[in-house]
Amino acid sequence: MAFKSKIFILVFILFIGCMQPESSRVDFALGTVCSITLFDQGLDSIYNEIFARIHEIESLMSVNIPSSDISRINKAAGIEPVQVHKDTFMVIERAVYFAELSGGAFDPTVGPLVSLWGINRDEPRVPSQDEIDAVLPLINWRNIKLDSQTSSVYLTQKGMALDLGSIAKGYAADEAAAIIRKAGIERAIVDLGGNIIMIGERKDKNPWRVGIQNPIEKRGAVIGVLQITEKTVVTSGIYERYFDKDGIRYHHIFDPSNGYPAKNGLLSATVVTDISMDADALSTILFVLGYEKRMVLFNYLPNTETIFVFQDNSIRTTDGVNFTVTDSTFFIKN
Ligand code: ADP
Ligand code: MG
């Protein structure tokens with residue numbers, strides 16, 4: 001059983017173009033490689049502030065840190081509400097918003113499924129149908145009770161568990177970008193394991209060029225180039241964490257309706273918008289819902305563009321996307 005995790009992988013999206021970064025800093029946090037590049041003004045003190053903030057968010061929201069807000073909420077499932085930091089509360093509130101918006105395709109209570117499949121550990125496995133059936137009733141965002149007065153969170157059933165793996169990196173990216181903008185830095189790249197925010201534009205005044213990962217090739221192989229200015233780009237795909245068993249590839253984004261990795265002909269779904277936390281949740285939602293059901297969301301979402309990559313190597317983009325295919329085995333089919 002081959003297992004690939006982000007731990008061994010350095011970059012998710014290639015930045016293309018003749019950029020000469022003055023400096024960048026890379027660190028491991030939130031289960032992934034976090035890279036910040038500040039152009040023109042890469043002050044140590046700003047890097048320190050950004051990474052302190054990213055580590056703070058990790059210490060609040062990671063399921064792997066026993067003292068985190070999320071671990072405390074999970075331990076108290078079915079027992080009592082837990083008071084949490086206002087940031088944690090806000091991210092959970094947003095996750096619940098997206099759970100409702102997506103009709104449960106996105107569900108921050110996927111924790112028991114993530115544990116069952118062992119997808120974030122070194123030894124993932126395919127669970128039996130009985131095991132899946134046993135945890136499915138625990139996956140239900142409606143059983144998250146939020147009390148904004150006391151900033152407390154209660155999971156009503158024992159065994160329930162929150163997992164913010166599909167939204168916390170986006171939030172951390174937004175927070176990193178806020179520090180950068182506040183410091184008056186005009187050009188920067190935030191890349192938290194593929195949650196990208198491109199701040200400003202290139203030195204030659206052209207848009208940034210972001211390569212979109214080929215979902216079936218080695219890391220760094222791109223299928224095309226996206227041109228953007230002042231936007232966030234987030235992709236959910238089959239390649240981020242997966243394992244192969246008996247010729248079948250199992251990945252890490254689950255369909256809460258059946259407990260299996262989402263399967264609808266997609267290799268990846270990319271969202272281009274303004275807020276990275278939203279893009280993070282949306283890319284996961286689109287990957288679970290699939291192309292046909294995408295419109296459910298777009299009635300609610302202004303300034304949001306998408307790139308869908310399908311198993312037959314076709315690509316569909318929305319009209320506002322400036323995307324050029326560079327790998328001739330892929331083709332646009334709009
Ligand atoms: P990545 O973390 O690779 O950037 P995503 O943002 O799509 O990809 O998040 C996937 C992670 O989110 C999984 O590892 C798991 O922790 C969690 N997750 C899996 N399925 C769902 C789902 N249907 N709804 C919400 N979170 C999910
Ligand atoms: Mg996501």
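This is a predicted model: local features need pLDDT of at least 70, side-chain atom pairs count only at pLDDT 80 or more; totals for chains, interfaces and linings use all residues.
Let me begin with ligand 1, which is surrounded by 19 residues, the closest being Ser-236, Glu-240, His-252, Phe-254 and Thr-284. As for polar atoms, a nitrogen atom of the ligand is 3.0 Å from a polar backbone atom of Ala-105, and a nitrogen atom of ligand 1 also lies 3.1 Å from a polar side-chain atom of Ser-166. On the side of the oxygens, one such atom of ligand 1 is 2.9 Å from an N or O atom in the side chain of Asp-280. Taken on its own, ligand 1 has 560 Å² of accessible area, and the protein covers 97% of that.

Turning to the helices, H1 covers residues 44-61, and its 18 residues should span 26 Å at 1.5 Å a residue, which agrees with the 26 Å between its end C-alpha atoms. Its buried residues include Ile-46, Tyr-47, Ile-50 and Phe-51, but also Arg-53 and Glu-58. What do the buried residues of H1 pack against? Their partners are strands E2, E3 and E7 together with helices H2, H3 and H6.

One of those partners, H3, has 16 residues and reaches 22 Å from its first C-alpha to its last, close to the 22 Å expected. Among the buried residues of H3 are Asp-87, Thr-88, Phe-89, Val-91 and Leu-101, and just after the helix Gly-103 takes a positive phi of about 65°.

I will finish with Thr-270, which is placed in strand E16, residues 266-273. Is Thr-270 buried or exposed? Its relative accessible area is 0%, so Thr-270 is buried. Leaving aside residues up to four places away in sequence, Thr-270 touches Ile-212, Val-233, Val-234, Thr-235, Glu-305, Thr-306 and Ile-307, and with Thr-235 there is a polar contact of 2.8 Å between the two side chains.

Note on methods
Residues are numbered from 1 along each chain as its sequence is written. Chains are lettered from A and ligands numbered from 1 in the order in which they are written. Side-chain values use heavy atoms; hydrogens and water are left out. Helices (H or I, at least four residues) and strands (E, at least two) are DSSP runs, numbered from the N terminus. The expected span of a helix is 1.5 Å times one less than its number of residues. Buried means under 20% relative accessible area, exposed over 50%, partly exposed in between (1.4 Å probe, protein chains only). Contact means heavy atoms within 4.5 Å. A polar contact is a pair of N or O atoms within 3.5 Å; within protein, one must be able to donate a hydrogen and the other to accept it, and residues adjacent in sequence count only if both atoms are side-chain atoms. A residue is near a molecule or strand if one of its heavy atoms lies within 4 Å of it. Accessible areas come from the Shrake-Rupley method with a 1.4 Å probe; for residues, only the protein chains shown count as cover.
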